[in-house]
Amino acid sequence: MEKPIQEERKAFLTGNEVVAWAALVAGAEFMYGYPITPQNEIMHYWTRLAPRYKRGFLQTEDELSAGFTTIGGVMGGKKAFTATAGPGNTLMQEPLSMAEMMRLPVVVVVQQRGGPSTATVIYSQQEVTLTTMGGNGEGLRIVYSTSSHQELFDYTIKAFNTAWRYRFPTFVLGDGYQAKMREPLTLYDPEARGVAMVGTEPFVGKEGVPGIERPPAQHRNTFSLEEELYEKVKTDAGDYEKIAPSVAEYSSKYTEDADLVILSHGVVFRAVAEAVGSLREHGFKVGFFRPVTLRPMPVGPAREMAQKAKKILIAESALGQLARLFKEAAFGAQAEIHTLFKPGMGITAEEVEEKARELLQ
Amino acid sequence: MEAVRTEMPAPAMPRSWRVDTKPHKFCPGCGHGLVLKCLGQAIDELNIQGRVVFGCDIGCSLLSWDFFNIDTIQTHHGRTTPVMVGLKRARPELVTIAYMGDGGGYAIGAQHLVNAASRGENITVVLANNTQYAMTGGQMAPTTLPGQKTETTPYGREPETTGYPFMGPEMVAAITREGAYVARGSVANLRQLKSYIKKALENQIAGRGFSFVEALSGCPTNWRTNAAETWDFIEEEMPNYFKVGEIKASAAAKKGEEDG
Ligand SMILES: Cc1ncc(C[n+]2csc(CCOP(=O)(O)OP(=O)(O)O)c2C)c(N)n1
Ligand code: SF4
Ligand SMILES: [Mg+2]
């Protein structure tokens, strides 16, 4: 079939449009979804692009259904995904707990909005705990937090590979600001860049008559014995731990000699990177540390940084959701921890810089 | 002299059943096994074992996750319909069957049943109506009969405060278009129930749209009934509210009835 993107090209798009293109070039075959701001345009672009490339779409009755139909598509062996936000993400956690239990490579794009409840639609980082830990269970999932449109593109593609390679549900965590804003980026076909796309395999509806030509493929999520469940969770958690070091990603700069390291993720990282650049120009010993995967956390590097740094400033558009993940990763480190928490509010480079200067006095 | 039989013949099991998981896990006298016998026979007769995917709900239907020699997905309470919808959309060549209880279909998963039916999703839903939540110990369901005692209606269901029994097939028939197949059978008439399920599957295979069969089913464990009382409830009490028969069938499906 014709590739959606033949040659690399520059584009100036909204984040939601970027996600639709990324899913398309990643070979996603089906999107199931339910409208919610700020992710709507992912569906809008997908429904415009999909028929041209013979991809499917189903608008479901709610996010429970969007999640469970995505599971159906994935179990049929198709690269399927959904997108949601806020209260929709809350509902999405029921199907995602089943995906976690059954090790299903479901891909979900979350464009965070304010919370709790219906709240606001543009800007927030308040779905970190929900997305990383999910519902009942142990949070065995992978969460990429993007901070630019190029990353939205790169990590949406990557999410499909991660999900199908490791068979853990995988999330791309953006936010309303990234979703709606326009930004330049380069669109490309992953295979043309040497990124091989991981193949799919049906969980059910396999070749051959079950019971005659092969055993039936039977998947369950209920166990009658505690021991059975214990074994299952231990095995999955063991698998997760094993892959965590190769899945975890982060970026950091100037942390070696820093008096202050600023920790952030996602869209807030943009402000932090700018603030750190400016502070360095003014001679301040400031660095940044930014986990790209919030689950698994880059535990080793985070701890190492926290052992070296004198002070750490955690900046996030939430009341400590990133901070909780970080403190767990860096438990025992000596650095003084300071915070700039603005739940549901944007954080500017100026604010970060001002707070940093205060801490460095 | 005639040869003397030394062994009892094994009870005839549908070919599509998984022999190594029998005897099944349902209580003695449970209706689920009978519904699944009809389903197994229908699958055998249509010779579709190689392209069926069976989905079971949470409720006593979960016990059927390894019941058939058929690819199977056990889902969540009420969510079997969307899982099968998603699968069918992605793999239209498969025959997808969503199996659930009355609580799963009419209470927690009602929005999925309503919308799958109204969108005309080309799947088959088979629902065992045992008038209560069996797996959780016998609480009231939307289908509980007026006056019926359950754990949450210990003095009997009062319609004034808790409503009247949910008429599932009638509702599905009302919201589906021509081409849908909707029937209510009973474990008291297995031949008829099998023919309804078979026609529902044929409807899906022909791509005519949503197909739905409710089966009146028994739960002696939670009803606390002996065999005679169980059959009496299924045959005498339940039909007072739940009329057995085909509620919506295209001319083609009706013809199947005459032929079969
Ligand atoms: C979200 C959720 N809520 C509640 C339950 C508990 N639960 C398990 S089975 C069940 C009722 C089953 O009743 P029904 O669907 O009629 O099936 P039956 O057991 O009667 O065959 C309930 C409420 C659950 N598993 N999941
Ligand atoms: S509790 Fe009732 S419905 Fe469940 S297996 Fe036993 S008899 Fe069947
Ligand atoms: Mg029931």
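Mentor: Accessible areas here come from the Shrake-Rupley method with a 1.4 Å probe. The model is predicted. By that method, chain A has an accessible surface of about 14200 Å².

Trainee: What share of that surface of chain A belongs to carbon and sulfur atoms?

Mentor: Carbon and sulfur atoms hold 52% of it.

Trainee: What makes the radius of gyration of chain A agree with that of a compact globule?

Mentor: A compact globule of 361 residues would have a radius near 21 Å, and chain A has 21 Å, so the two agree. Along its principal axes, the C-alpha trace spans about 75 × 50 × 40 Å.

Trainee: How many helices and strands does chain A have?

Mentor: Chain A has 12 helices and 15 strands. Of its contacts with a separation of 6 or more, 80% are between residues 24 or more positions apart.

Trainee: How much of chain A counts as buried?

Mentor: The share is 60% of the 361 residues.

Trainee: Why is B:Cys30 called buried?

Mentor: Buried means under 20% relative accessible area. B:Cys30 has 14%, so it is buried. B:Cys38, at 1%, is buried by that cut-off as well.

Trainee: How many disulfides are there over all chains?

Mentor: The count is 0. For B:Cys38, the nearest cysteine sulfur is that of B:Cys30, 13 Å away. A disulfide needs the two sulfur atoms within 2.5 Å, so B:Cys38 is in no disulfide.

Trainee: How far apart are the mean positions of the positive and negative charges of chain A?

Mentor: The mean positions of its 39 positive and 44 negative charges lie 2 Å apart.

Methods. Residues are numbered from 1 along each chain as its sequence is written. Chains are lettered from A and ligands numbered from 1 in the order in which they are written. This is a predicted model: local features need pLDDT of at least 70, side-chain atom pairs count only at pLDDT 80 or more; totals for chains, interfaces and linings use all residues. Side-chain values use heavy atoms; hydrogens and water are left out. Helices (H or I, at least four residues) and strands (E, at least two) are DSSP runs, numbered from the N terminus. The radius of gyration is taken over C-alpha atoms; the globule rule is 2.2 Å times the number of residues to the power 0.38. Buried means under 20% relative accessible area, exposed over 50%, partly exposed in between (1.4 Å probe, protein chains only). Contact means heavy atoms within 4.5 Å. Lys and Arg count as positive and Asp and Glu as negative; His and the chain ends are not counted. The place of a charge is taken as NZ of Lys, CZ of Arg, CG of Asp or CD of Glu.
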